[in-house]
Structures are given as C-alpha cells and as structure tokens.
Amino acid sequence: MGESSYNWVSRKRQYWREKRQLVFEETASHPLKGITVINSGKEQKKTDIPDFIDPLTALMDGRDPLSVLSLEKKVSVGVKEKEVIEKDEPFESWNTKKSAILAKYTTSETLSISVLCSDGDKMSVKSVVSETVRNRLEQLDDFEEGSVQETLNLSQQDYTKRIDDLNSELKISWQSDQRVRSLKIVIQCAKLLSDISVIQFYPSKFVLVTEILDTFGRLVFERIRDKSKIGSDIADKFTSDQVPESAKETCRNWFYKIASIRELLPRFYVECAILKCYRFLKLEPYKPALLRLSSMIRGVGDPLVAIYARCYLCRVASVLDKNLRVHLMPTYSDFLITFSQIRSERIQPLLVKNRIEMGVYMNLYSPALDWILQCVAYKASSSELKTILQTGRERSNSGILLHSILSAFQPDYIVGRSLEFAEMIKECKDVGISRSALYRRLGMCAVFAEVPVEHRLNLLNEVWNAVMKLADPGEYISCAEVWIEFVAKYFGKRELNTLLADVVKHMTCDRAFEDHYPELQSILGKILSTMTDFKTLFSLDKFLPFVDLFQKESVRIEIGKMIMDSYNKNSKEEATEDEVLINSLMYISRMMHDCVNALTLEDEVRSITGHIISYIRSVDFGRDFERQLSFYVECRATFSGLDGVTAFLVHCVNGLAMETRRIVNSVHTAKTAPFVRACVAYTFITIPSLNSMLEQFRLYILSGQVALCNQCFSQADAFFKAAVTLLKSIPPAIAIDGKSRSTEPFLVEYIQQFLSTLLYVPDNPDAGVLYLLNGLLNAVEAHDWDSSHDSKFHIFANVLCLLSSFSQEQYIYRIERVDSNDALYGSDNKFINELNSLACNVLEQCIIRIKELTPKRSAVLCSSLLNIVIAHADLNCSNIEILLKTLLTVLSETDLKLFSKIRKRVEEGLKTKDNQDKAFEKLLNCMNNLKT
Amino acid sequence: MSDVHVDIRLRRITKIYNEGDSATGVVLIVNNTKSDVSHQGVTLALDGRVNLKMSSKNIGVFESFYNSVKPIQLTSANIDILKPGRVKSGRTELPFEIPLKPRVANRPLYETYHGLYVNIEYMLMAEMKRSLRKDLRKEIEIVVEYKDKEQSFISPESTSFTLNPNSVQKTAKERETFPRFVIKGDLKTQGPIGSPMTGEITIESCEQPIKSIELQLMRVEVCGCAEGYSKDATEIQNIQIAEGDPCRNVAIPIYMVYPRLYTCPTLTTRNFQVEFEVNIIVIFQSQYLVSQKFPLQLSRF
C-alpha cells in the first residue's frame, strides 16, 4: 500500500428506495419455541423431549440426583403416613419426637458408662453361694458376666458415640452367632437406664438406649421368623399355628432366658423389646403380657425411671398395634399414684446434687408423659378423656399433667372446652411448669382448631388478662406470639391494636426486645399473613412503634423486606396515591436503606434496592406530574446511598418528561416547558452522583436524547459534552459480581449508541462544525484502549458510516420538531468537504491499524472495512477504487473465505439496480482477476 | 478325625419324654471321606441315673471328695444300630426306637433335674467302635417329665405374710435401731411348676427408704448314705422385683418363672430329697435386711 492517505467520498443513498426493495420472508417456526407434537386427537401435547439437552444431563441415565432424593423423601413420607391411621385421628410417630428430645435434653456435664469389654464366657450357672450376703452376690454378678469396665468422664458427644458403638457391637455379635454376648450387651445397656446421675440428660439417654433395645428386638424376631420359614406373603399376618415347633422352641428359650435376668429394669426392658415374639407362641399374644409388664413397673422406685419405662411399654405396644389399649389406663393410673407420691424430701437431695430446680426436673417428665397421654387419648372414649381431665384438675402438681394433656389431646376436643381449660390453667399452681407454657399450648390449639364463636371473646379476655401480668418478658412473648395469631384471625383491628400496644409496652421496658427478635419477627409474620389490607395495617397507630422495636440492623432489613414482600404480593392495584400508605412505606424503605453500610453483602444490597424500587414504582399520582416529581426529589434525598435507586429515579424522571411530551403532542405549552426543563435539570444534577462511571455515561446519552426530544437544546448539549468529558475517566476495568470485567465492550456499545444519537443532534451555531463528533473522536483517541482487541478500529469504522449518513440530503431518522444538521446545513459543499476530510482522517487511522496487525487478524479488519467502504463510499470515485483494490489484494492473500464472502455480497449488490452498477461490475472483475 | 462323625437326631424337638414313651429318632453318621469307612458296630445306649454327692458338712472335706454315694440307676437300655461293617461315604441315617422304662418297678422315672448335690439325668449315647482308631461317640441329654396327674399333682395354694420388725429374730434392744415397717403380701407356694410363681407385695408403711426387694429361689437337697445324711440349701436364682424405694400402698407384683432343668417337682425318696423354698428379702438403704422363708411344694400338673 503505497499511498499514505486515501480520499473518501460518501455515496448518495436513497433510503426510501432501499427500503422498498427489502424482501420479507414468511417463516413458520419460531426459533425459541419448543418442539411440539400434535396428537391426532384434538389436544396438543408437549413431548418429553426437553427443549434443550445440556451435555451433563445427556450423559446421565435416569433421573438427576436431586429429583431422586426428592422422590425418596416422598416415598418415606408416604410410608410414615401409612403409620398414621386412615381414620381422622392423627398420631405422631415416635421418630418425629425423637430428634426433638435429643436436641432438647442435653448436658455439658460428664457422664459415665459401664459396659462389657472383653469376650464374655457362657453365663455360668449361678453356683455355690453360701449365705444371703448380697454384696458378694453383686460382685459375682459383675465378674461372672465378663469384666465390666467403667468409662468415666465422657462428654455428651462421646457418650452418644459410645452408645452407637454398642449398637454396632450388638449387630456384629449377632451376626457372628454370639447370641449370648448380644444379650449381655443389651442387658448392660438396659442397666444404664437405672442410672440417674446426670439427670438432665436422662430423656436423651432413654432415646439412645431404647434404640439399641429396638434393634435387639428386631434381630430376635427376625431370627425366629427365619427359623420358622414363614413365606413372605404371609409375613405380616401369620398366626401362631403356622409356626413350626422348632421355632416355637427357640422362642420359648428366649423368654426363659430373659425371665431369669436378675435385675428388674433390664428384665423389663428386654422383655418389652422382644414382646413381638409372643406372636409365635400364642394366638392372643399380647394382652396378658402387657398387663403383667405394666404392673411390673410398680417395683421401680425412682419416678422418672418409672415413667420412662411406662413410656417404652406404651411405645412398643403402639408399634405392634395401635388398638391395643388394655394396658393404657392401668399404666396411667399407676403413673398418677407415683406422681402424687413424689415427696419433696425425696426429690430435694436429687435437685441439690444436680443443681437444678424443681421446674427443670418436672420438665424431664414431659416427653414420656406426652407420649403416654397421646397413646391414651388416641381413640379413647369420651368417658376416659373425662376421667383424665378430672384427674388433671385434682392433682396438686398438675402443671405438667395439664401441659401434656394440652399437647396430647386433639385440638378440636380442647377448643370445645376452651374456657374450662383456661379455668384449669388459672387454678393450677405454678410448680414445675410455668403457666405461660400452658397458655402457649392452649393458644396453639386455639389457632389450629376453631374455637366456637360465642367463646372467643371470653377466652381472649381470660387469657390475655393473665398473660399481661406475666413478669418475665421471655414467658410473656412466648404466649403473646401465639395469641396474636388468634386475635389476627378472629378479631378486628381495634383488638389487634390493643394487643400490639401491650406487646410494645412489655418489650420496651429494660430493652427486652433485644433478646426476643425471633419471636417478634414471627409475630410480624403472622400479622402480615392475616392482615392483607395494608391501608388498615398502617392505620394501626401501634404498628410503626412495633416495627421500631427491631433495632438490630440485620433484623431491620429482614422485616423491611418482609413487609415489602407482603405488600407486593397483596396490593392488587399497581399504584397508589394514599398519603398514609406512601408515608408509611417510605418510612419502611428508609429504614432498610439506612441499615446498608460498607459491610453489607452485595446480594443484600441488590435485594434492598429491588424492594425500594418496587415501592417507588407503586406510587403513582396520575396526571399530577409535579407532585410526582417532588416525590422523586424526596426519594432521591432519602435513598442517596443506593446507586440502583438513583439510576431508577433518573429513568423515572426521564419517563415523566417523555410522558409530558406525549400528552402535549410535543408542542410544549408555557406550563409544560418549564416542567420538562425542571425534569432535565433533575437528571443533570442526579447523574454525577452515581458511583458507576459506565452508568453515568449511558445515562448521559439517554438523558441527552430525552432533552433533545423536548427541545431543550442547550441542556442536551450539556449532556453530550459531559458524556464526552467522562469518557477519559472511565477505568479500564470494573468489578461486576466480584469479578473484574473489562469496560471495553460496554464502552464500545455505548459509544456506538452515542454515534447513532449524534446523527440527529443539531450543531450548536456558536461552536464549530460537528464539534461534538470531533470532541468524541479526540476522546476516543486519548482513551487507553486494549491493544489485543480492536475497539478503536470498530468505533472508527462506525464513524465512517455516520459520516456517510451525515452527508445525505435527508437523514434516515430525526426527531419531530427538531431540525438536524441536514436542515441546518442543507448539504452545503463546505459541510460535505468537512465531512469527507474527517472521513479521510478516520480512514487513515483504520488503515494504520490494519498495517500494525498480523495478517490473520488484519484480514478480519480488512474485510469489515471493505464491507463498510462498499456500502457507504461512492465507488465510482477513482480514489475509492484504488483503496478497494489495495484492500482486496491484502484480503485475497490472507484469507480466502472472507474474500469469497465479500464477493458474494457484491454479486447480491448487483441485483439492486443502483447507480453503483457499473462500479460493482468493475469491482467484480477486479476480484476475479485477483483470485486467479 | 472330623471326616467322620456321629450324631443323634431326635424326632421330638422339645426332647421331653414321659415314662413309657419310646425315644425315636435317627443316628446320623456323616462320612466326609471319599471312601467307605469300616467299623466294629454302632450302638445306642440309654442311661438314666441319679448322681448323689455328699456335702462337706457332715463328713468332712476329703471324704466328701472320695466318697460319693453310689449313683442310683433308674433306667438303662442298649440297642445295636449297625453290625460291624462298612459305612458308605455321605450321610447315613439309621432310625432307632428306644424305650424309657424304669428298671425297678417301685422306682418311677424321676424328672430330669440338675442340682448341686443331686443330679438326675438321662443320657443317650451313640457309639461307633473302630479298630485301630478311637471310637466315635455322641452323647445327648433327654428330658423326662411326669406324665399325668396321678404321678404329680398339687392343688394351688397361696400363703399370705406380713413383715414387721417383730418378725426379725433379734433381741428387743437391737430391734430399737431397726427401722419400723409393715409389709404385707401373698405368694403362691403350692402349684404346678409350669406356671410361674405369682403373688403381690405391698409396702404399707416404712420409715426408711428401701433399696431392693428380691426373691431368692433355693433348692434344699438331702442326700443320705451309710454314714448319715446331709441337708444343704443353695441358691438357684435371685430375681429382683423392686428397685429403689417403691410407692407406699401399691401392690407390687411378684412373678417368677421356674427355670427349666434347675427345678423339678418336689421329690422325696428313700435315699434323697429335693425340695424348694423361696426367700423374700427386703434390703433397706441403711443396709438392714429382712427376709422370710417360704417352703414350696411344686408338682408337674
């Protein structure tokens, strides 16, 4: 390429003619729509073929792991549901209670465990013992069964692990046919339950040990069943006459062995564990055994151990058959007798030793008592229920009993007698379980089932009078939490307001709210779910003080989001004008905004921004644009910390200006013109306050367009000038989503948009020709572009297009009532020459760039330049011909594929009968020559 | 040699037989070698006897070691299963039937009983004699029980009892330090051995907390010989029926299953006696102990 510069002459275009020649082709398929299969029937069904098969799914056969997991869950839930009786009465299974107990009853003290450690020999016959010296007896006990090791000072975790180890040891011994050893392990485990040294841990210990017992029972049962070779089809329904003699003999041996276990508690527990095996021996297997076992527990002295033993009996029986009830009432009455005989002088040393209070001690009874009462109450006759209620009233330390009754009985039953229960709670002496816990239980029943209408107000008054007087804020709030839902459901705003006032009062003294955020949050959630009408909600004068209780920042954000979510979900009308609502929501939004600080996570910031934007969007004053603008001004001041909101506000105001224009049909009156100017001024002031430079750049261009549309010429100029000035301060990379991304792609896009805008921007008569474009070009030149991309080249190439468009007689698009340069200059020659000389400079820059690059990359640039030249330059001009020839030579030498593409385009171009025909033909010849 | 062994399989799974029954089953010879095994005959012998042992109390330690009383033969029988010959490879089952008849008319077959000084056992032994090699033997025990009510029957009866400080045989002075208590109850002391011992015990009042209430089942064996006889009471098992301090005025059940083989119906013969008794022991937390003895009369039906 010898010449240092080329001349540029733009081609004259006839836009309207070109448009007419564009051919439209009808298409039948939408590229983004899925494959549909139309049945021969009338319906249309989608096939199972996914719209898009990602490579990972394609490699997998079957379902993906997550859906398998969810299926499994469904299956296991289904199985559990089978345990629930088909009739209406629900029955919570033990598994659900287990984890609650394990979580609740924990201890930080050390525990000890004594178990078998070596291989025990066969249990030798209890042989020579002379007198009744029980000490020696006990010693021999221990030593005969193999050496017992006492492991002390275990933490709770270690203890749990140790129990798990025992469980696996049991299974291993069993599998290696060391059945005697397995039995010894089980007996040792059962003995653990007679130890109440760390008493707070007892319920959890019970859960852990009974698991081992259950395992043992299952192993024995399965063994005997296998021995009896019962077919799988009658596996569940076999009767004892179908069992062969050998299996029966084995079964009998087991029972004999267990009957000679010396200690009471292991004997009891192990027999309960293998209770199911009675089925092999007798037709009516369980009743006598259950009654006997139930009365056996009377020999257990410690009431806590006794009640848990009873609980295990009830549990085993309920697993066998929920309808077995013969043992239940006797068990319950026995328990009551034990309970009433808990003498304080007996318990006191125990409490002192464990350093707990009576209340905590009583609480240890509740899991077992809950379970027993649930078994008793299940399908109980009403007379039985009445008896139980009666006993609940009469006993002295009845708090715990009442609590379990409230948990175990059906909510419908309880709400039917709600006033009676409220009475009972009032009468109950506050020993063991606090009244607040009882009220809370009652509240939960009242919310779950429907209290009869006539009782509601009385019940509320009764209960709330008592709750109000609770001194301890923790107790108070646990009750309030439940009863607020009751009020929200059945009563109106007046009652709710009173209750809220009370809650606020209780919580503000001594800053009690700081400790109870979760409960307060749940109260708010319940109120929001029941009161969907936000106008009423905000009209409650205690609502905002209640919201004020949340003072911790993270919690404030949480509840702000909660309220906004609820509002968005429930407000059917898109916009609102209500002052109260607007102000309240502004308060909430401001609250959320003020909690954002430098440490807030980006996600959180995004979420809050979204919520505030949805709020702003919902405020619409209709035609009163001035009010709307002042609202936006207020918002800008309030939400100055969040970039997203500020940008949104700019868009809103731009929207306002355009809306005004639409209404007056772009003929501004004396009233609207100042208004739009005010809008424009707003945006001009607001944009620099944004943090993101790129955002600023984009918004400048956009707002400039808006200003121009509204015939605010000087303001538009200011915008564009500001954009150009901004260009040099834009950094090469910014952080998006934590990753550093180059700004270049964005910049190129925005600049191209800018260039398109410049087409209809009229020149300022005070400044030079195309001063904006010149300014932009200088700024682009000055910007530090990445040399591995060719952004500058692409921008300059597009400038060529722009310049070509500038030189047309009538621009391809314009704004109504705005005279662009075509009208201003009227295609004056000087102007055209200006354009062409500018184009030459630009062209030179482009060619310099092409020369700098390696042949491969330059080929790409070459071809794009060629495309532009062919499309926009006047090919008849000789200079252009030379340029073309040079470029084509370069391209044919470096990349033939692109060359042939160009060739094709030229051939197509020939089809349009344009003034360029001859030139195209020449071009084609040239290209053919080059190819050879 | 584990290549060949002998086993006895009885048809009756429970292995419980009555007098006059015939024990039927098969003698099983398992020949794991690849060739035939030669033998000098396979026999099956039934041996029922009472073994008596003198305790060291009356006679002295050394004499009691050397001088066990001669065992009393109750029944014996011998049948030839196979004449000398060869046994093929694999499993060979040889059915047998052996009668259980008392040797002497006036001495019926007593029930199987494993005790300390008295042992009544019935053993079946299968023997394969072999030349040049050790004989193969297998011995199993069968259990004999009385057949009908004529042989062994006692009508059930309960005994009620009261425990209070007066029942303790101490001097009046010592009794002062003893805690005051009243414990009542009843116990089935007569009845069939197959049904467990039942009863109730109620603590009506008690000053001190109780640590444990136990039932101690004892056997009382009397062995006689030329020099005299000895009577010994030893414990069979100890069952705890209350642990810790139970509630007052609540009927705590007494329930104990008589262990098989270690108990049998009360037996009184010319040479020896086997009787049972139970002790109810109440142990207090302060280590005081009260017990009362109840002799038992057990029968089969």
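Residues are numbered from 1 along each chain as its sequence is written, and chains are lettered from A in the order in which they are written. Because the model is predicted, local features need pLDDT of at least 70 and side-chain atom pairs count only at pLDDT 80 or more, while totals for chains, interfaces and linings use all residues.

**View 1. The two chains of the predicted complex.** The predictor gives the complex an ipTM of 0.89 and a pTM of 0.68. Chain A contains 45 helices and 6 strands, whereas chain B has 3 helices and 20 strands. Helices (H or I, at least four residues) and strands (E, at least two) are DSSP runs, numbered from the N terminus. Of the 932 residues of chain A, 35% are buried; in chain B, buried residues make up 30% of the 301 residues. A residue is termed buried if 20 or more other C-beta atoms lie within 10 Å of its own, exposed if 12 or fewer, and partly exposed in between, with C-beta atoms placed from the backbone. Two residues are in contact if their C-beta atoms, likewise placed from the backbone, lie within 7 Å. Among contacts with a separation of 6 or more, residues 24 or more positions apart account for 73% in chain A and for 70% in chain B. The mean pLDDT of chain B is 85, and 89% of its residues reach 70 or more; pLDDT is the predictor's confidence in each residue, from 0 to 100.

**View 2. The contact between chain A and chain B.** Chain B contributes 29 residues to the contact and chain A contributes 28 residues. On the side of chain B that touches chain A, β16 (228-243), β17 (251-256) and β19 (272-284) each supply at least two residues. The most comes from β16(B), with 10 residues. By class, this side of chain B has 15 nonpolar, 9 polar and 5 charged residues. Here Ala, Val, Leu, Ile, Met, Phe, Trp, Tyr, Cys and Pro count as nonpolar, Asp, Glu, Lys and Arg as charged, and the others, Gly among them, as polar.

View 3. B:Ile13 is found in the loop between β1 and β2 (16-18) of chain B. Is B:Ile13 buried or partly exposed? With 13 other C-beta atoms within 10 Å, B:Ile13 is partly exposed. Apart from its neighbours within four places in sequence, B:Ile13 is in contact with A:Glu245, A:Ser246 and A:Glu249.

**View 4. An open antiparallel sheet in chain B.** The sheet has 3 strands in the order β1-β3-β8; two strands pair if DSSP finds at least two bridges between them. At the edges stand β1 (4-10) and β8 (90-99), each with a single partner strand, so one side of each is left without a neighbour in the sheet. Strands β1(B) and β3(B) pair over 7 bridges, and B:Val4 stands opposite B:Asn31 in β3(B). Strand β3 (residues 22-31) is joined to β8(B) by 10 bridges. Across this pairing, B:Ile29 stands opposite B:Thr92, and B:Thr24 has B:Glu97 as its bridge partner.

**View 5. Two loop residues with a positive phi.** Most residues other than glycine have a negative phi. A:Ser827, which is not a glycine, has a positive phi of about 55 degrees. A:Ser827 is found in the loop between α40 (821-825) and α41 (829-852) of chain A, and is partly exposed, with 15 other C-beta atoms within 10 Å. In chain B, B:Leu261 has a positive phi of about 70 degrees although it is not a glycine. B:Leu261 is found in the loop between β17 and β18 (267-268) and is partly exposed, with 15 other C-beta atoms within 10 Å.
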